[in-house]
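Hello,

Here is the structure we talked about. Please open it alongside this email; my notes follow below.

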Amino acid sequence: DGDLKWTERYVYIPRVARFAQQTFVVVSEASSSPLTSLLASLVPTLIHVVVVLQLNAAYRVIAELLTTLENHETDAAARDALVLKRFLFEAFDAFAALVYLAFVDFDIVKVRAELISVYSVD
């Protein structure tokens, strides 16, 4: 087959990997409506969006503290340093999953699904 097993991936954390198993979110196909299936498919995306927002909020405070501690000579230099820190972190935070799926997992179907779900929820 040539495909890597889950346990042979570059980043494999068993405690986190159990959430990715197909049986984690159980939706009975006999009793599920299209709305239930749609909601079940959007739950991981909603969780991802909430986690990204929380990480950005936490890093905003950290970046402001670090910029203050750097003791820049001018307000413009401090503002530029803060903008750079926040941009780099938020860009990484927002696109890390897509980069992983595209260049590590090599799964264009998952990339497409992630893009559709992110742009429909976010």
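Is Lys-110 buried, partly exposed or exposed? Lys-110 is partly exposed, with a relative accessible area of 34%. Keep in mind that this is a predicted model.

First, the overall picture. The protein chain has 4 helices and 0 strands. Along the sequence the pattern reads α-α-α-α. Of the 122 residues in the chain, 16% are buried. The accessible surface is about 9,800 Å², and carbon and sulfur atoms hold 65% of that. Among contacts with a separation of 6 or more, 50% join residues 24 or more positions apart.

Now the charged pairs. Side chains of opposite charge can pair when their charged atoms come close. The count here is 4 salt bridges.

Back to Lys-110. Its side chain meets that of Asp-105 in a salt bridge, at 3.6 Å from N to O. Lys-110 also forms a salt bridge with Asp-107, where the closest N and O atoms are 3.9 Å apart. Asp-105 counts as buried, at 13% relative accessibility.

Another pair is Lys-85 with Glu-70. Their closest N and O atoms are 2.9 Å apart in a salt bridge. Lys-85 sits in helix α3 (residues 75-104) and Glu-70 in helix α2 (residues 34-70), so this pair ties together parts that are 15 residues apart in sequence. Lys-85 counts as buried at 16% relative accessibility, whereas Glu-70 is partly exposed at 39%.

Best wishes

Methods. Residues are numbered from 1 along each chain as its sequence is written. This is a predicted model: local features need pLDDT of at least 70, side-chain atom pairs count only at pLDDT 80 or more; totals for chains, interfaces and linings use all residues. Side-chain values use heavy atoms; hydrogens and water are left out. Helices (H or I, at least four residues) and strands (E, at least two) are DSSP runs, numbered from the N terminus. Buried means under 20% relative accessible area, exposed over 50%, partly exposed in between (1.4 Å probe, protein chains only). Contact means heavy atoms within 4.5 Å. Accessible areas come from the Shrake-Rupley method with a 1.4 Å probe; for residues, only the protein chains shown count as cover.
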